[in-house]
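Here is a short note for someone opening this entry for the first time. Please keep the structure in view while going through the points.

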Amino acid sequence: GKKHKEKLFQLIDFYSLFYLNFMENNNDERFWTNNFGLPAHNTWRGYAFEQVCLWHIPQIKHKLGISGVSTTYSAWRHTDEETKKVVAQIDLVIDRNDRLINLCEMKYAKDEFTITKDYNDTLRKRSAMFADNTKTKKALHTTMITTFGVKRNQYSNIQSEVKLDDLFAF
């Protein structure tokens with residue numbers, strides 16, 4: 001029901017991202033040491049990890065066992081019409097010709113990523129919102145792309161996972 005198509009452009013030059021976030025207009029020669037591990041640094045780590053993942057989609061497809069399947073991929077977001085705020089976002093959607101869609105969440109973590117009850121609820125709500133908004137009839141699989149994998153617990157009911165090492169497997 002939208003009257004125009006929305007587009008999202010991302011700057012993907014790694015050096016420029018780093019420079020614009022941490023170096024430009026920064027005169028503190030100890031900035032990196034003083035800010036290591038703080039929210040801004042951790043946000044940059046997460047964003048940089050997402051960009052590395054997006055540069056390695058063939059390796060992600062290989063790990064998922066779908067190298068030979070025709071796919072399209074994109075990010076997805078849903079904006080509340082009234083407030084114009086983003087209410088749901090999926091980092092990578094791999095739409096496959098075999099009637100499946102992988103909804104990929106990318107998470108940088110210093111160790112195995114733990115899916116909590118709240119985060120599991122968030123993943124389920126995003127999946128439902130995606131299905132409702134796109135009107136897809138394809139099966140939806142949740143895929144976690146993390147630095148060191150997903151810690152198994154009662155909430156880690158995902159269909160597939162990809163680790164950082166998988167991105168550099170070939």
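1. Arg99 lies in the loop between S2 and S3; helices (H or I, at least four residues) and strands (E, at least two) are DSSP runs, numbered from the N terminus. Arg99 is not a glycine, yet has a positive phi of about 70°.

2. This is a predicted model, in which local features need pLDDT of at least 70 and side-chain atom pairs count only at pLDDT 80 or more, while totals for chains, interfaces and linings use all residues. Residues are numbered from 1 along each chain as its sequence is written, and side-chain values use heavy atoms, with hydrogens and water left out.

3. Strand S2 (residues 86-96) and strand S3 (residues 100-107) pair in the antiparallel sense over four bridges; two strands pair if DSSP finds at least two bridges between them. Val93 stands opposite Leu103 in S3.

4. Both strands belong to an open sheet of five, ordered S1-S2-S3-S5-S7, with mixed pairing. Strand S1 (71-79) and strand S7 (160-163) stand at the edges with a single partner strand each, so one side of each is left without a neighbour in the sheet.

5. Lys135 lies in the loop between helix H5 (117-134) and S5. Its phi is near 60°, a positive value in a residue other than glycine. Lys135 is exposed, with a relative accessible area of 58%; buried means under 20%, exposed over 50%, partly exposed in between (1.4 Å probe, protein chains only).

6. Tyr19 is found in helix H1 (residues 14-23). Tyr19 is partly exposed, at a relative accessible area of 35%.
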